[in-house]
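Reader: I'd like to learn how to read a structure feature by feature. Could you walk me through this one?

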Amino acid sequence: MKKNIYIAFSLLLTLILNGCGVYNFTGGNVGTATTFTIPTFQNYATQNPGSTFEPGLERDFTLALQDRILNQTSLDLTSSNGDLLYEGEIVEFRISPMSATAQQTAAQNRLSMAVKVRFYNKTKEDADFEQRFSFFYDYPANSQLSSVKTEALEVIFERITQDIFNASLADW
């Protein structure tokens, strides 16, 4: 009896997993693609009034996006001619006061970042898009950005890269 239940359960599990096709457990649908390319995102934040230039931001963001795709799909990263191409620019990186105290000073600051992404899928052309993605991190105004920057960028990169992943590969 136990053996029959075990066999039935194993068969059911096999059918369920086979039914997933090209999907993986993170929800990414890569179709017939096997590779992806992400050239370094350029940092054009200073072309947006109020934005500042953060050295190394383009490298760090590009690596975060590459890691997201590598970790959530079975795709291989290639330096050129990938089946999927993610390219774009950092178009905003700014600090803004968010709330005031009774003394008319900022109680909280917001670090905002935005990227413009162009996605091309050689295996499914109707999946191509150009879109802006952004997110922010709020921190106390009495803190210097340098003291919260590592955590702030982790939070911002996590959200933006997940949003890019969802827009390009989460085929719901």
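Author: Not counting residues up to four places away in sequence, Val115 touches Phe61, Glu89, Ile90, Val91, Gln131, Arg132, Phe133, Ile160 and Ile164. Please keep in mind that this is a predicted model, where local features need pLDDT of at least 70, side-chain atom pairs count only at pLDDT 80 or more, and totals for chains, interfaces and linings use all residues. Residues are numbered from 1 along each chain as its sequence is written, and side-chain values use heavy atoms, with hydrogens and water left out.

Reader: What order do the elements of the chain follow from the N terminus on?

Author: Helices (H or I, at least four residues) and strands (E, at least two) are DSSP runs, numbered from the N terminus. Here there are three helices and six strands, in the order α-β-β-α-β-β-β-β-α. Among contacts in the chain with a separation of 6 or more, 68% are between residues 24 or more positions apart.

Reader: How is a helix span read, taking α2 as the case?

Author: The expected span is 1.5 Å times one less than the number of residues. Helix α2 has 16 residues and reaches 22 Å from its first C-alpha to its last, close to the 22 Å expected.

Reader: Which residues in α2 are buried?

Author: Buried means under 20% relative accessible area, exposed over 50%, and partly exposed in between (1.4 Å probe, protein chains only). In α2 the buried residues are Leu57, Phe61, Thr62, Ala64, Leu65, Gln66, Arg68, Ile69 and Gln72. Across the chain of 172 residues, buried ones make up 40%.

Reader: Which residues touch the most other members of the largest nonpolar core?

Author: The general idea is that in soluble globular proteins, nonpolar side chains tend to be buried together. A nonpolar core is a set of buried Ala, Val, Leu, Ile, Met, Phe, Trp, Tyr and Cys residues joined through side-chain atoms within 4.5 Å. The largest one has 36 residues, and Phe61, Ile69, Tyr86, Met113, Val115, Ile160 and Ile164 touch the most other members. Two or more residues each come from α2 (57-72), β4 (84-100), β5, β6 (129-140) and α3 (145-169). Helix α3 gives the largest share of this core, 10 residues.

Reader: How many aromatic pairs are there in the whole structure?

Author: Rings of Phe, Tyr and Trp (its six-membered ring) pair if their centres lie within 6.5 Å; planes under 30 degrees apart count as stacked, over 60 as edge-to-face and the rest as tilted. A search of the whole structure gives six aromatic pairs, and ring pairs link Tyr86, Phe119, Phe129 and Phe133 into a cluster.

Reader: Where is Asn121 placed, and what does its side chain reach?

Author: Asn121 belongs to strand β5 (residues 106-121) and counts as buried because its relative accessibility is 7%. A polar contact is a pair of N or O atoms within 3.5 Å; within protein, one must be able to donate a hydrogen and the other to accept it, and residues adjacent in sequence count only if both atoms are side-chain atoms. The side chains of Asn121 and Thr123 share such a contact at 2.6 Å, and the side chain of Asn121 reaches the backbone nitrogen of Lys124 at 3.1 Å.

Methods
Contact means heavy atoms within 4.5 Å.
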